[in-house]
Amino acid sequence: MSFPVLDRVPGQTGAMAFLRGAAERPHHAYVFAGPEGSGKSLAARAFAAALLCHAGGCGECRDCRLADEDHHPNEFLVEPEGRDIHVDTIRAEVWQPAYRTAPEPGRKVFLLREADRLSPQAADTLLKVLEEPPADAVLVLLSARAHELPDTVLSRCHVVTFTALPEAFVVDELVRSGADEVRARLAARLAGGNLGRARRLAGSDEGMRFREAARSAIELAAGGPAGALDAAGVVLQAAADYRKGMKDDLATDLAPFLDDRGRPEEAYRGAIRRIETRFQRRERRAERDYVDWVLLGISALLRDSVAAEVGGGLEVLLNPDLAGEQAGARLSVVRATRGMAAVEEARAALAEDINLNTRLVLERAFLRLGEVAA
Ligand SMILES: [Zn+2]
């Protein structure tokens with residue numbers, strides 16, 4: 001049997017060869033282990049399509065299309081809420097549906113993103129499912145830190161290893177899907193080899209807007225305390241705009257489950273509820289994610305000014321297109337490094353505690369950035 005949908009996943013030849021075999025006679029649980037951006041999500045979607053499609057993962061039918069968008073009614077997707085995956089989530093999204101009849105005839109597929117964030121109780125509940133796996137269910141746990149998963153969980157899963165994608169490979173992929181070479185290289189560098197993120201950056205001018213926000217923030221912060229407060233405002237505004245832009249996505253996601261009059265079809269109430277919940281979660285996270293992108297953009301610009309200062313050429317810059325007009329170019333190595341530390345501390349603080357006041361964290365970081373820039 002061939003699985004066309006699996007052949008479309010770029011790179012990761014070893015992992016994909018293994019999954020082609022696995023799709024034929026799936027085991028009940030897998031861990032996809034590998035660094036951020038190595039293609040685990042892409043592979044998981046393709047694997048889900050291969051398991052849910054009635055034509056062996058043809059890549060064309062409704063099952064494949066819905067699986068590719070993470071919206072197949074028989075697909076249950078679990079992500080951390082805040083920092084952890086909570087026990088209630090595992091109970092409602094994995095344990096209960098695992099032992100119920102699938103919404104549509106066929107298998108049920110459970111995808112757990114960032115599975116290393118399972119709380120201890122959540123891991124215990126998941127373990128019960130792994131110990132008595134329903135015959136029609138396949139679980140896939142994705143993790144960049146698979147070694148942090150409890151041994152009891154790991155030992156019941158087949159581990160599929162993904163390796164980091166080299167920059168040249170990411171560039172080739174982007175060029176092959178239509179991006180121009182310079183843009184592709186820029187996106188690959190800024191994304192640190194993360195293919196999914198690089199695709200978004202290369203895909204549209206919208207994708208690079210975060211860097212404009214990063215450049216304005218550095219300029220403003222360099223102007224002193226008042227500028228630092230304005231810089232925080234600029235970043236928050238960019239993040240709010242980004243969140244507003246997501247609104248249309250929900251309508252598109254729900255369209256396949258509505259009747260001609262736009263009302264939910266009875267059979268899909270569960271699927272619709274899951275899509276809505278996931279969307280709300282994503283929306284809540286969107287502003288935080290965007291703020292993180294901007295901070296990462298600031299870090300990259302400061303890092304480039306360090307690289308330029310010590311005589312690094314174009315090939316070592318993260319923003320080669322801005323060479324010669326680096327926003328932080330007038331900073332000494334010591335100052336730019338201190339600025340990076342302030343920005344990285346802010347990123348870590350925001351990632352660690354979702355209840356922090358983002359504005360205050362940004363203001364503090366930009367005030368420090370302003371001090372070192374002055
Ligand atoms: Zn198909």
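The domain assignment of the chain places domain 1 at residues 4-164, domain 2 at residues 166-203 and domain 3 at residues 205-373. The model is predicted, and its chain holds 16 helices and 5 strands.

**Overall dimensions**

- The radius of gyration of the chain is 22 Å, which agrees with the value near 21 Å that a compact globule of 374 residues would have.
- Taken along the principal axes, the box filled by the C-alpha atoms of the chain is roughly 65 × 50 × 40 Å.

**Domain 1 and domain 3**

- The centres of domain 1 and domain 3, taken over C-alpha atoms, are separated by 29 Å.
- Contact between these two domains involves 9 residues of domain 1 and 10 residues of domain 3.
- On the side of domain 1 that touches domain 3, the residues divide by class into 4 nonpolar, 2 polar and 3 charged.

**Helices H2 and H3**

- Helix H2, which spans residues 13-24, and helix H3, which spans residues 40-52, have axes that come within 10 Å and cross at roughly 20 degrees.
- Because angles under 35 degrees count as roughly parallel, H2 and H3 are described as roughly parallel to each other.
- The crossing in which H2 passes H3 is right-handed.
- On H2 the contact is made by Ala15, Met16, Leu19 and Ala23, and on H3 by Ala43, Phe47, Ala50 and Leu51.
- Sorted by class, this contact of H2 with H3 has 8 nonpolar residues, with no polar and no charged residues.

**Helices H13 and H14**

- The axes of helix H13 (residues 247-254) and helix H14 (residues 269-309) also come within 10 Å, and they cross at roughly 165 degrees.
- Because an angle over 145 degrees counts as roughly antiparallel, H13 is roughly antiparallel to H14.
- The crossing of this pair, H13 and H14, is right-handed.
- H13 contributes Leu250, Asp253 and Leu254 to the contact, while H14 contributes Ile272, Ile275 and Phe279.
- By class, the contact of H13 with H14 has 5 nonpolar residues, no polar residues and 1 charged residue, and Asp253 of H13 is one of the residues that make this contact.

**Helices H9 and H10**

- Helix H9 (residues 181-190) packs with helix H10 (residues 195-203) at an angle of about 140 degrees, and the axes of the two helices are 8 Å apart.
- That angle makes H9 oblique to H10.
- H9 passes H10 in a crossing that is right-handed.
- The residues that make the contact are Arg183, Ala184, Ala187, Ala188 and Leu190 on H9, together with Ala198, Leu201 and Ala202 on H10.
- The contact of H9 with H10 has, by class, 7 nonpolar residues, no polar residues and 1 charged residue, and Arg183 of H9 is among the residues that make the contact.

Methods
Residues are numbered from 1 along each chain as its sequence is written. This is a predicted model: local features need pLDDT of at least 70, side-chain atom pairs count only at pLDDT 80 or more; totals for chains, interfaces and linings use all residues. Domain bounds come from an automatic or database domain assignment. Two residues are in contact if their C-beta atoms, placed from the backbone, lie within 7 Å. Ala, Val, Leu, Ile, Met, Phe, Trp, Tyr, Cys and Pro count as nonpolar, Asp, Glu, Lys and Arg as charged, and the others, Gly among them, as polar. Axes are lines fitted to C-alpha atoms, for helices over the stretch in contact, and angles run from 0 to 180 degrees between N-to-C directions. Helices (H or I, at least four residues) and strands (E, at least two) are DSSP runs, numbered from the N terminus. Angles under 35 degrees count as roughly parallel, over 145 as roughly antiparallel, 65 to 115 as roughly perpendicular and the rest as oblique. A crossing is left-handed if the near helix is turned anticlockwise from the far one by less than a right angle, and right-handed if clockwise. The radius of gyration is taken over C-alpha atoms; the globule rule is 2.2 Å times the number of residues to the power 0.38.
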